[in-house]
Amino acid sequence: MIGIGLDIGSVAAKGILLNGDEEYRALLPTGWSPRGAGEAIIEELLDLSSLRRTELNQVVVTGYGRVALPSADRTVTEIKCHARGVAELHPEVRTIIDIGGQDSKVIHVGANGRVLDFAMNDKCAAGTGRFLQVMATALGMDVSELGDNEDAEQTQTINSMCTVFAESEIIGLLAQGLPPGGIIAGLHQSVGKRVGAMARRLGIKERVAFTGGVAINAGVQRALKEELGCPLLIPASCQFTGALGAALLACNR
Ligand code: ADP
């Protein structure tokens with residue numbers, strides 16, 4: 001079977017094409033058009049694999065933009081796709097914590113990636129990748145630079161729960177001359193606390209995997225690990241686990 005899995009997120013559109021043992025990946029910013037991003041990912045994957053569209057058995061799409069791609073054969077929820085993707089890579093995982101651009105989720109999985117329960121925050125930007133993007137802009141950095149620039153020894157606790165107020169708070173801290181490293185560590189702590197609290201409410205069953213684009217950030221990895229008090233498994237290509245799950249489902253695997 002040849003299948004494509006697409007995860008059209010609020011920030012990034014991710015795609016994986018599976019053709020037997022061969023795997024191809026593509027990532028593009030979603031921008032203003034989830035449909036355009038989804039179509040562009042399909043074209044890029046076909047280019048990379050030298051396949052034609054007619055050779056595809058199925059395209060399965062997930063993510064917030066999934067309804068925007070009428071050319072897909074099937075839509076599947078993100079919860080199911082993340083669970084399937086992580087189960088393929090790390091079958092021993094029982095709790096998945098996924099932090100994406102505009103939501104965070106905690107998923108309990110059983111054997112074979114079966115979803116047992118989940119909790120989700122999609123109401124508030126705090127505790128999501130969007131929060132970190134807004135703060136990185138205020139700090140004059142790209143979000144990808146935050147992890148390497150934190151100074152956890154000097155963590156400056158951020159008191160504001162709301163993204164807009166937290167932005168004002170860090171602008172105030174910078175104006176007082178506080179070093180950015182400690183402020184960045186405080187931002188990571190804030191995300192770790194928010195998401196950690198949600199995970200504790202649902203319950204933490206080891207092993208715990210951390211996925212989504214925010215899992216790339218070593219500072220959030222550190223903060224979440226401290227908050228939960230247990231090791232975190234970060235899958236390679238942690239931003240692609242939803243796309244991988246969708247691709248496996250597209251291949252009926
Ligand atoms: P979505 O599926 O909602 O588009 P993703 O799981 O793709 O979300 O994650 C997007 C978030 O990941 C961004 O908001 C950003 O905070 C974070 N991110 C993306 N790339 C990086 C990177 N290279 N380093 C650190 N953080 C990143």
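This briefing walks through the sheet, the salt bridges and the surface features of the structure above. The model is predicted, so local features need pLDDT of at least 70 and side-chain atom pairs count only at pLDDT 80 or more, while totals for chains, interfaces and linings use all residues. Residues are numbered from 1 along each chain as its sequence is written, and side-chain values use heavy atoms, with hydrogens and water left out.

**The sheet**

- Five strands make an open sheet with mixed pairing, in the order 8-7-6-9-10. Strands (E, at least two residues) and helices (H or I, at least four) are DSSP runs numbered from the N terminus, and two strands pair if DSSP finds at least two bridges between them.
- Strand 8 and strand 10 (232-233) stand at the edges with a single partner strand each, so one side of each has no neighbour in the sheet.
- Strand 6 (residues 95-99) and strand 7 (residues 104-109) run antiparallel and are joined by five bridges. Thr95 stands opposite His108 in strand 7.
- As background, strands of a sheet pair through backbone hydrogen bonds, either parallel or antiparallel.

**The loop between strands 7 and 8**

- Ala111 is found in the loop between strand 7 and strand 8.
- Ala111 counts as partly exposed because its relative accessibility is 49%; the classes are buried under 20% relative accessible area, exposed over 50% and partly exposed in between (1.4 Å probe, protein chains only).
- Ala111 and Glu92 are 19 residues apart in sequence, and their C-alpha atoms are 8.0 Å apart in space.

**Salt bridges**

- The whole structure holds 14 salt bridges, each a side-chain nitrogen of Lys or Arg within 4 Å of a carboxyl oxygen of Asp or Glu.
- In helix 2 (residues 78-89), Arg84 and Glu88 lie four residues apart, about one turn of the helix. Their closest N and O atoms are 3.0 Å apart in a salt bridge. Arg84 counts as buried at 16% relative accessibility, whereas Glu88 is partly exposed at 36% relative accessible area.
- Glu150 forms a salt bridge with Arg222, with 2.5 Å between the closest N and O atoms. This pair links distant parts of the chain, 72 residues apart: Glu150 is in the loop between helix 4 (146-149) and helix 5 (163-175), and Arg222 is in helix 7 (residues 218-228). Glu150 counts as buried, at 18% relative accessibility.
- A network of salt bridges links Arg66, Glu78, Asp98, Asp103 and Lys105.

**Arg25 and its partners**

- Glu23 and Arg25 meet through their side chains in a salt bridge (2.6 Å, N to O). Glu23 is partly exposed with a relative accessible area of 36%, and Arg25 is partly exposed with 35%.
- The charged end of Arg25 also sits over the ring of Phe240, 5.3 Å from its centre. The rule here is NZ of Lys or CZ of Arg within 6 Å of the ring centre and within 35 degrees of the ring normal.

**A nonpolar patch**

- Val115, Phe118 and Met120 make a nonpolar surface patch of about 230 Å². Patches are made of residues with over 30% relative accessible area and no salt bridge, joining like charges within 9 Å and nonpolar side chains (Val, Leu, Ile, Met, Phe, Trp, Tyr) within 5 Å. Accessible areas come from the Shrake-Rupley method with a 1.4 Å probe, and for residues only the protein chains shown count as cover.
- Phe118 lies in strand 8 (residues 115-121). Phe118 counts as partly exposed, at 42% relative accessibility.
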